[in-house]
Amino acid sequence: MTALPTCREVLEFLGDYDAGELDPMRTAAFERHLEVCASCRNYLVSYRVTIELEKDAFADPGLSEPPEELIAAILSIRRTA
Amino acid sequence: MPCPRRYLFVRPHLLVSQVPRRARASRRPHRLPAPVQPASPAPQASPADPEADLLARLRAGDEAAYAQLVREQTPALLRVTSRLLRSDDEARDAVQDAFVAAFRALPRFRAESRLGTWIYRIAINAALARLRARATVDEVSLDEWLPRFVEDGHQAEPSEPWPADAGAERREVRERVRAAIDRLPDSYRTVVLLRDIEELTTDEAAQALGISTGAVKVRLHRARQALRALLDPWMRGEAA
């Protein structure tokens, strides 16, 4: 059985763990640590929430009509190239 | 009309990345459509295939086709270049760079990805080229936002849970998160934008940034940790 990792090891490789990129032995060891460490469980949950918030941060509808002067400038370059 | 500004900072080897983006189920409305078709022979004009029709018209030099392409793609390109450059003026210049590069590369475009996806990549590379060309600024360290540990490896300050209803006010949350992303050093901010916001794969982000996939993974993890730390007081209601 793989030794129980420390909080430092868990948080350092949390991204790999969360992406499912750790080998099964190490994943099991991480999960044993998470079972007994509320602080790392809290960290994992807030880390995942952070990623979801990031992905949502730019979801506001943005510009839909392109600026006419930019369109004209690009097409002008195209015609003179 | 004044002569439009014209820049060609895009690195030739970064111009044409035609690796198809992995199709993702969670694409949001502001995204460009994921590439759907594998490599195909030279497209033939056909009413049933508007993309192939447009490409054929572009290759024939049809001015209306160029106008259609520029008009359709510019809003999405401005969004991504604005996020990367944090300057509307520079974003416009980067979009211009991207179209100039795309027009030149069009004869070599092999339709292995959608036209829009291809130009979108070129625009990302144009924005990154501009970012690299800026005067070097001392980057702040992420260290103060990374977790700290005591000698035996335990967290120095235990992580507290975030309330389930934290961030219920969506617009304010988005502003907070965008502000937090803007506080990151560029080398981390660009990785977050390319991987988590633009949803490039690790390989694609590494290629665009000219760094290893390992470096992309490390920077992404640290950037997410820093963002978590920046949001933590507010999410727990300890900061206004």
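Colleague: What pattern does chain A follow, read along the sequence?
Modeller: The pattern is α-α-α-α-α. Chain A has five helices and zero strands. Helices (H or I, at least four residues) and strands (E, at least two) are DSSP runs, numbered from the N terminus.

Colleague: Where does this model come from, and how are things numbered?
Modeller: This is a predicted model, where local features need pLDDT of at least 70, side-chain atom pairs count only at pLDDT 80 or more, and totals for chains, interfaces and linings use all residues. Residues are numbered from 1 along each chain as its sequence is written, while chains are lettered from A and ligands numbered from 1 in the order in which they are written.

Colleague: What pLDDT does chain A average?
Modeller: The average is 90. At least 70 is reached by 90% of the residues. pLDDT is the predictor's confidence in each residue, from 0 to 100.

Colleague: Which element has the lowest mean pLDDT?
Modeller: Helix H5 (residues 68-80) of chain A, at 91. Helix H1 (residues 7-12) of chain A has the highest, 96.

Colleague: New topic. What box do the C-alpha atoms of chain A fill?
Modeller: Roughly 70 × 25 × 15 Å, along the principal axes.

Colleague: And Cys40(A), where is its place?
Modeller: In helix H4 (residues 38-56) of chain A.

Colleague: Why does Cys40(A) count as buried?
Modeller: Because Cys40(A) has 25 C-beta neighbours inside 10 Å. Buried means 20 or more other C-beta atoms within 10 Å of the residue's own, exposed means 12 or fewer, and partly exposed is in between; C-beta atoms are placed from the backbone.

Colleague: How much of chain A is buried?
Modeller: Buried residues are 27% of its 81 residues.
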